[in-house]
Amino acid sequence: MAPRVLGLLLVAAGLSAAIEAWARMPLGSPSAPGPGMLPFALGLTLAALAGAALLQRTPAPAAIARRRVALVAALRVL
């Protein structure tokens with residue numbers, strides 16, 4: 001449950017940053033970006049990535065163990 005709460009907090013933080021940048025700083029235009037463009041873009045990026053992480057299904061522990069064994073075996077061969 002803790003990863004879900006963290007993901008929701010990151011979505012909220014990203015949206016909050018984007019909204020604050022939109023409301024308090026001039027965004028400018030794509031050819032002449034203003035000082036609010038970077039915080040706005042970073043806030044939206046954070047919210048989008050955290051939202052995508054929330055939508056992912058977590059693999060079963062047995063699947064994770066098999067992947068780790070396969071990875072260690074492949075690295076030992078190299």
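## Exercises on a predicted model

The crossing of helices H1 and H2 is left-handed. The model behind these exercises is predicted.

**Exercise 1.** Determine how H1 and H2 are oriented relative to each other, and which residue classes make up their contact.

*Solution.* 
- Step 1. Locate the helices: H1 covers residues 2-24 and H2 covers residues 37-55.
- Step 2. Take the axes. They come within 7 Å and cross at roughly 160°.
- Step 3. Apply the cut-off: angles over 145 degrees count as roughly antiparallel. H1 is therefore roughly antiparallel to H2.
- Step 4. Sort the contact of H1 with H2 by class. There are 17 nonpolar residues, four polar and one charged.

**Exercise 2.** Find the aromatic pair and classify its geometry.

*Solution.* 
- Step 1. Count the pairs whose ring centres lie within 6.5 Å. The count comes to one aromatic pair.
- Step 2. Name the partners: Trp22 and Phe40, with ring centres 5.6 Å apart.
- Step 3. Check the planes. They stand at 70°, and over 60 degrees counts as edge-to-face, so this pair is edge-to-face.
- Step 4. Trp22 lies in helix H1 and Phe40 in helix H2, so the pair ties together parts 18 residues apart in sequence.

**Exercise 3.** Describe the largest pocket: its volume, the residues closest to its centre and the make-up of its lining.

*Solution.* 
- Step 1. Start with volume: about 210 Å³ for the largest pocket.
- Step 2. List the lining. It has 11 residues, and the closest to the pocket centre are Pro3, Arg4, Ala53, Leu54 and Thr58.
- Step 3. Assign elements. H1 and H2 are the ones that give two or more residues to this lining. The largest share, four residues, comes from H1.
- Step 4. Divide the lining by class: six nonpolar, three polar and two charged residues.

How values were computed:
Residues numbered from 1 in each chain as written. Predicted model: local features only at pLDDT ≥ 70, side-chain atom pairs only at ≥ 80, totals over all residues. Heavy atoms only, no water. Axes fitted to C-alpha atoms, helices over the stretch in contact; angles between N-to-C directions. Parallel < 35°, antiparallel > 145°, perpendicular 65-115°, else oblique. Left-handed = near helix turned anticlockwise from the far one by under 90°. Nonpolar A, V, L, I, M, F, W, Y, C, P; charged D, E, K, R; others polar. 1 Å grid on protein atoms, 1.4 Å probe; cavity = no way out; pocket = protein on both sides within 12 Å on 5 of 7 lines; lining within 4 Å. Points joined across faces, edges and corners; volume = space filled by probe spheres on them. Phe/Tyr/Trp six-rings, centres within 6.5 Å; stacked < 30°, edge-to-face > 60°.
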